Amino acid sequence: LLLLTHIPVSVTQCPEEDAGGYHWNSTDAGDTATHTCAEGFSGSLNRVCSAEGQWGEVSGECSIEFGVC
C-alpha cells in the first residue's frame with residue numbers, strides 16, 4: 001500500500017506594495033513585474049523581485065502623450 005501525502009511547498013515572493021505611484025501585486029521571486037503607464041502616458045514601469053523576495057527599484061519611464069493639433 002502506497003500513501004501519498006501532500007506537503008505544501010512555500011514559494012518565496014515579494015509582497016504586494018505601493019511604490020512609484022503604482023500598486024505592485026505579490027510576485028514570485030526571480031520574476032519581473034510590469035505596469036503599463038497610466039492613461040495619457042506611454043511606456044512601462046518594471047520591478048524585479050529578487051531570489052530572496054526583495055523588491056528592486058522601479059525602473060522604466062512614462063512619457064506624456066501629446067495630441068495632434
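An open sheet of 3 strands runs in the order β5-β6-β7, with antiparallel pairing. Its edge strands are β5 and β7 (59-64), and each pairs on one side only. Neighbouring strands of this sheet are turned by 15° against each other on average, direction ignored. This is a predicted model, in which local features need pLDDT of at least 70, side-chain atom pairs count only at pLDDT 80 or more, and totals for chains, interfaces and linings use all residues. Residues are numbered from 1 along each chain as its sequence is written, and side-chain values use heavy atoms, with hydrogens and water left out.

**Sheet**

- Strands here are DSSP runs (E, at least two residues), numbered from the N terminus; two strands pair if DSSP finds at least two bridges between them.
- Angles run from 0 to 180 degrees between N-to-C directions, with axes fitted as lines to C-alpha atoms.
- Strand β5 (residues 32-36) pairs with strand β6 (residues 41-48) in the antiparallel sense over 5 bridges.
- Thr36 has Ser44 in β6 as its bridge partner.
- The two strands β5 and β6 form a hairpin with 4 residues between them. Gly40, in the turn, has a positive phi of about 90°.
- Strands β6 and β7 run antiparallel and are joined by 6 bridges. Gly43 stands opposite Cys62 in β7.

**Disulfides**

- The whole structure holds 2 disulfides, each a pair of cysteine sulfur atoms within 2.5 Å.
- With the bonded cysteines of the protein chain numbered in sequence order, the pairing is 1-3, 2-4.
- Cys14 is joined to Cys49, S to S 2.1 Å. The S-S torsion of Cys14 and Cys49 is about 100°, so this disulfide is right-handed.
- This pair links distant parts of the chain, 35 residues apart: Cys14 is in strand β1 (residues 13-14), Cys49 in the loop between β6 and β7.
- Cys14 is buried at 1% relative accessible area, and Cys49 is buried at 1% too. Buried means under 20% relative accessible area, exposed over 50%, partly exposed in between (1.4 Å probe, protein chains only).
- Cys37 and Cys62 have their sulfur atoms 1.9 Å apart in a disulfide. Their S-S torsion is about -85°, so the disulfide is left-handed.
- Cys37 is in the loop between β5 and β6 and Cys62 in strand β7, so the pair ties together parts 25 residues apart in sequence.
- Cys37 is buried at 8% relative accessibility, whereas Cys62 is partly exposed at 27%.
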